[in-house]
Amino acid sequence: MHHLHPRVLCLIVALSTLPVVAHAKPEAPGPKKLDAKAKNVKRLEVSVGFGGPRNTLIFYTFEDQNAVLKVTIDNKSKKFPVSATLYTFADDVTPEGLKKWLNNQHSDGLFPDVPNPDSTKKLPADVCQSLSHKFIDKTKARFGEFENYTVSFKLSGAKPIGKFHIKDFTDKAKVHLKVQ
């Protein structure tokens, strides 16, 4: 009868109790959450352009995911309709490239060499909702008289878009409504 050394026997017992690793395909990761309220998200609100007050744009830049969510609040009526579009960019787009693209979306397009989004997806209308508005004051500008409001809005119930899922959130922004 052949006897095994106690250490070898322990090794055999230890190895025989390890789980068998099957060569299964790795599970596909779920959609990446885009949380507009996360600390590392850059928020830019634009409600005045070169031509004076305009519809309000709020850009949420998710640098880590190379994505930008643009929320638009229309300034033509006190209904303040809200819409949103998700722009996604290639993995090799730099934060500097995103900043240049963002600048061109609301200014005079200073930067000729900006990255183009891989994907532009408008969110369904039922995902975007104006919640309430509060009158701030009235101002006169070269382009007319405006009532200024704080508009609260929410985005909720968005289905995954590509590899992203927008987490429900509420926010508020300033909107200038032309009265004359």
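Reader: Before that, what kind of model is it, and how are residues numbered?

Author: This is a predicted model, in which local features need pLDDT of at least 70 and side-chain atom pairs count only at pLDDT 80 or more, while totals for chains, interfaces and linings use all residues. Residues are numbered from 1 along each chain as its sequence is written, and side-chain values use heavy atoms, with hydrogens and water left out.

Reader: Fine. How many helices and strands are there in the chain?

Author: The chain has two helices and 10 strands, where helices (H or I, at least four residues) and strands (E, at least two) are DSSP runs numbered from the N terminus. Along the sequence they follow the pattern α-β-β-β-β-β-α-β-β-β-β-β.

Reader: And how much of the chain counts as buried?

Author: Of its 180 residues, 34% count as buried, meaning under 20% relative accessible area, with exposed being over 50% and partly exposed in between (1.4 Å probe, protein chains only). The accessible surface of the chain comes to about 11,700 Å², and 56% of that belongs to carbon and sulfur atoms; these areas come from the Shrake-Rupley method with a 1.4 Å probe.

Reader: Now the sheet: which strands form it, and in what order?

Author: Three strands form an open sheet in the order β7-β8-β10, and the pairing is antiparallel; two strands pair if DSSP finds at least two bridges between them. The edge strands, each pairing on one side only, are β7 (128-141) and β10.

Reader: How many bridges join β7 to β8, and how many join β8 to β10?

Author: There are 12 bridges between β7 and β8, and 10 between β8 and β10. A hairpin through two residues connects β7 to β8, and across that pair Lys138 stands opposite Glu147, while Asp137 stands opposite Asn148. On the β10 side, the bridge partner of Lys154 is Thr170.

Reader: Is β8 mostly covered or mostly open?

Author: β8 is mostly covered, with 10 of its 12 residues buried.

Reader: Switching to the inside, what is in the largest nonpolar core?

Author: The largest nonpolar core has 29 residues, and those with the most contacts inside it are Tyr60, Leu69, Leu123, Phe153 and Leu155. Such a core is a set of buried Ala, Val, Leu, Ile, Met, Phe, Trp, Tyr and Cys residues joined through side-chain atoms within 4.5 Å. At least two residues of this core come from each of β3, β4, β5, β8 (144-155), β9 (164-166) and β10 (169-178). Apart from it lies another core, of nine residues, among them Tyr87, Val93, Trp101 and Leu102.

Reader: What is Leu123 in contact with, beyond its sequence neighbours?

Author: Leaving aside neighbours within four places in sequence, Leu123 is in contact (heavy atoms within 4.5 Å) with residues including Leu69, Leu86, Cys128, Leu155 and Ile166.

Reader: Where is Thr72, and is it buried or exposed?

Author: Thr72 has its place in strand β4 and is buried, with a relative accessible area of 14%. Not counting residues up to four places away in sequence, Thr72 touches Asn55, Thr56, Leu57, Pro81, Val82 and Ser83.

Reader: Last topic, helix α2: which residues are buried, and what do they pack against?

Author: Helix α2 (residues 95-106) has 12 residues, and the buried ones are Gly97, Leu98, Trp101, Leu102, Asn103 and Asn104. They pack against β2 (42-49), β3 (52-62), β4 (67-73) and β5 (82-88).

Reader: Why does Asn104 count as buried?

Author: Asn104 counts as buried because its relative accessible area is 19%. Beyond neighbours within four places in sequence, Asn104 is in contact with Gly109, Leu110, Phe111 and Val114.

Conventions. The expected span of a helix is 1.5 Å times one less than its number of residues.
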